[in-house]
Amino acid sequence: EAGSVEAGTWVVFTARVRDARVIRLDAQVYGCPHTQAACDRVVQLLTGGTRLELGNLEPLNLGSDLDIPAEKASRLLIIQDALRNCLADWDNGQLKPAP
């Protein structure tokens, strides 16, 4: 999760990972149509990829590919933060207590 409703952009990604591959990626989005389009594209691009790709997406390239105006770049950074937080949450959930 990243951003906030109060700030105008809030994004949550939920990933299902099996054998280090993203078998399902869901996005919950509060924001403008550009933010929704970018999140839809992220889901399309990263589903089926490796879990590490969740943390490696370049948001400005995504904006360029979708013709998102430069003044909305901060929304793309929120998407990147949400993906990185999703990966961090997944990694932390995989930790096992020491014997």
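Entry 1: The model is a predicted one, in which local features need pLDDT of at least 70 and side-chain atom pairs count only at pLDDT 80 or more, while totals for chains, interfaces and linings use all residues. Residues are numbered from 1 along each chain as its sequence is written, and side-chain values use heavy atoms, with hydrogens and water left out.

A20 lies in the loop between β2 and β3, and D19 has its place in the loop between β2 (9–18) and β3 (21–30). I noted that helices (H or I, at least four residues) and strands (E, at least two) are DSSP runs, numbered from the N terminus. D19 counts as exposed, at 73% relative accessibility. Then I checked the backbone: A20 is not a glycine, yet has a positive phi of about 65 degrees, and D19, also not a glycine, has a positive phi of about 55 degrees. I wrote these two down because most residues other than glycine have a negative phi.

**Entry 2: the chain as a whole.** I counted the secondary structure next, which comes to 3 helices and 3 strands, and from the N terminus on the elements run β-β-β-α-α-α. Of the 99 residues of the chain, 32% count as buried. The accessible surface comes to about 6000 Å², of which 49% belongs to carbon and sulfur atoms; these areas come from the Shrake-Rupley method with a 1.4 Å probe, and for residues only the protein chains shown count as cover. Among the contacts (heavy atoms within 4.5 Å) between residues at least 6 apart in sequence, 57% join residues at least 24 apart.

**Entry 3: confidence.** I looked up pLDDT, the predictor's confidence in each residue, from 0 to 100, and found that the chain averages 88, with 90% of the residues scoring at least 70. Over residues 95–99 pLDDT stays under 50, and for these residues the model has 0 contacts beyond four places in sequence.

**Entry 4: the salt bridge.** How many salt bridges does a search of the whole structure find? The search finds 1, where a salt bridge is a side-chain nitrogen of Lys or Arg within 4 Å of a carboxyl oxygen of Asp or Glu. D26 forms a salt bridge with R24, and the closest N and O atoms are 3.0 Å apart. D26 counts as partly exposed at 32% relative accessibility, and R24 is partly exposed too, with a relative accessible area of 46%.

**Entry 5: T47.** I went on to T47, whose place is in the loop between α1 (33–46) and α2, and which counts as partly exposed at 34% relative accessibility. Leaving aside neighbours within four places in sequence, T47 is in contact with V22, I23, R24 and L25. The C-alpha atoms of T47 and D26 are separated by 9.1 Å, while the two residues are 21 residues apart along the chain.

Entry 6: K72 lies in the loop between α2 (59–65) and α3 (73–93). K72 is buried yet has no salt bridge, and the nearest side chain of opposite charge, E71, is 6.6 Å away; Lys and Arg count as positive and Asp and Glu as negative, whereas His and the chain ends are not counted. Beyond the neighbours within four places in sequence, K72 is in contact with C32 and H34. P69 also lies in the loop between α2 and α3, and P69 is partly exposed, with a relative accessible area of 25%. P69 and H34 are 35 residues apart in sequence and 8.8 Å apart in space, C-alpha to C-alpha.

**Entry 7: T35.** T35 has its place in helix α1 and is buried, with a relative accessible area of 1%. Outside four places in sequence, the contacts of T35 are with T9, V11, V29, R75 and I79.

**Entry 8: cysteines.** I searched the whole structure for disulfides, each a pair of cysteine sulfur atoms within 2.5 Å, and the search finds 0. C39 is buried, with a relative accessible area of 0%, and C86 counts as buried at 7%.

Terms used. Buried means under 20% relative accessible area, exposed over 50%, partly exposed in between (1.4 Å probe, protein chains only).
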